[in-house]
Amino acid sequence: MAAIISDKFRIFNARQFLESLSEGATDTSAERSRMYFFVGRPQPWKAYLEVYAKDGGTFTVGNEVYVGTYGSTAFRATVAAVYDSALLLTDVFGSSGTASTPALGTTLKETADGGSTDTAVTAKTGVYRYGTEDIPPLPLDNQREKMGVYDEIIAAKRITDAFARTVIRRYNWDLVANPKYDMWKPDYSATPAGGGQVGKQTATAADSIADAKFYVMNSDYEVFKCLYNGEDPSNLQGQNATEEPRTAGGNYASATGLYTETSGAGYIWKYMYTIPTDDVLRFLSSDFMPIVLPSNPSRTNVAAAAVAGAVDVVLVEDAGLNLPPSQTLYTSVKGDGTNGVIEFATDGSGSVASASIQAAGSGYTYANVLLGNGNLFSDAGLTAAVSTPANATGALEVVLPPQGGHGSDHELELNGKRVMTNIRLTYAEGSGDFPVDNDFRRIGIIKDPYEWGTTTFATADTLSGLKAVKITGANADYIPDERITQTVTGGSAYGTVVSWTLDSGSTTDGVLKYLQTNDAHTDQGIVRAFESNGSNAVSGGLSAAAGNVDTGYAGTLLGVDFTAGLATPEVENNSGDVIYLENRRLITRAPDQIEDIKLVIEF
């Protein structure tokens, strides 16, 4: 069955995404979506290999593991960390010196001396993901990945309609980079590989209006749409532009919103909107530019002036011969609309020399131009008929506007199928929800997460994704990314330090924020919680720092609420939907640093 997912469907989804940010009567309305941008993954990227059916002991950090025969192995790597059911690996390479992949269920061996003697430790290989600090692993779209993402969330910030815009590809007025523009036409299409149809390309060889270069942003941040680019029978691919369209220009007609070149090819531009300063700062990037909100005055004025089915452009398809010579003639636009009138001039041979719209009319969804006898007039009122010879030829094409008329629906007309979110992380934002003493390697968007331990939608501006413990009497500073441990009921609790912040004026007391994952922090198959126990210290594996839980502390510090010295995250694990995920090279934070993150989502 022949079918397509149309661009209009993608535009609809982008529009729905934006509308969902402000729908509903209240912030907890079911109609509204609560979107959160998050950062996560402070620990470095390494290759991950799931292992099971281990035999012969425990793998050792620093040893090598391999599959097959060591000297000609297809997979070999160095052990960087050992977990209950997985290994982190570095220096991954194969027999050709390139990274390779161990097949599921193959036998993994270990050597401690470059392959001369195995340690007798073996295991079966499971899921494998190659990753380094320079080459982060590709995200996976499955439930296990989602749960792992939540375990590594550092903090999240609410996305509102103030921080999101529909965006389109950016085309600057630049006659070196962009000498020619496509004109708006409703019938561009590709030629299908199977044949049976002939496509129609734009002047810049695009196969659809969605991929066409048919609009421009000028030096005043005004956006114009190209309605005519100089196309004529001698130049079907249009001509280069010459004059920058501007509303302040003498060739701009405010009544119609049209800017017409008086030199060169005679480009006709339709004014669409002006990008305000705030949107320029937030949503203008090297590749994309925003469509302003529907409430923007420059846009509402254009939309209010739009006329459904009004025609603004007529093309000379065939200049013809033997029409009444050397005259200015008029003819009506035939179709289902009304009052459309075309003015055209002929030369001494009765060929069409030029044509333009004298009256745009309205209501046209199809249009034809007849040049035969009885259809030509010497006046715009179409009352004085002009006789046309029987052998007269020539053809004019009326270019129909988009549904609703030019300027009625900006997202639809400009192919707004992308949304940009602009999130600014300002220092330790959210009273400390976003730590500044560590980095992050993952960003994403979560839809409708819950508050921790509830089924209530989170609505706060920022959310902490980390656990925390209030430490007293630490003998040294904890180090970001080091492993921490506490003896607890039933075994040991493990975590990875994300942030250590001393209390004001103290050298021993502070807040220790950490994360726990089910790969790196299990004890006898269980991720154990740190306990409010003032006797069992929380110890750092690299720093040798050791401090006790301040079991008497209750209050709010660095954006999180403590009870008996412990604090939970503010976002419920595995709640809501992860709708966007991107693994990146590390982004380092600092106390005096602001990150301005522009994220473009294409639907």
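Over how many bridges do strand 11 and strand 14 pair, and in the parallel or antiparallel sense? The legends below start with the whole chain and then take up that pair.

**Figure 1. Overall view of the predicted protein chain.** This is a predicted model, in which local features need pLDDT of at least 70, side-chain atom pairs count only at pLDDT 80 or more, and totals for chains, interfaces and linings use all residues. Residues are numbered from 1 along each chain as its sequence is written, and side-chain values use heavy atoms, with hydrogens and water left out. The protein chain has six helices and 36 strands; helices (H or I, at least four residues) and strands (E, at least two) are DSSP runs numbered from the N terminus. Its radius of gyration is 33 Å, well over the 25 Å that the globule rule gives for 603 residues, so the chain is more spread out than a compact globule. That radius is taken over C-alpha atoms, and the globule rule is 2.2 Å times the number of residues to the power 0.38. Along the principal axes, the C-alpha atoms fill a box of roughly 105 × 60 × 40 Å.

Figure 2. Strand 11 and strand 14 (residues 268–274) pair in the antiparallel sense over six bridges; two strands pair if DSSP finds at least two bridges between them. Trp 269 in strand 14 is the bridge partner of Cys 226.

**Figure 3. The loop around Gly 249.** Gly 249 lies in the loop between strand 11 (222–228) and strand 12 (252–253). With a relative accessible area of 22%, Gly 249 is partly exposed, a class that lies between buried (under 20%) and exposed (over 50%), using a 1.4 Å probe and protein chains only. Gly 249 and Tyr 259 are ten residues apart in sequence, and their C-alpha atoms are 8.1 Å apart in space.

**Figure 4. Strand 17 and its pairing with strand 19.** Strand 17 (residues 328–332) is mostly covered, with four of its five residues buried. For the protein chain, 47% of the 603 residues count as buried. Strand 19 (residues 341–346) pairs with strand 17 in the antiparallel sense over five bridges. Within this pair, Tyr 330 has Glu 343 of strand 19 as its bridge partner.
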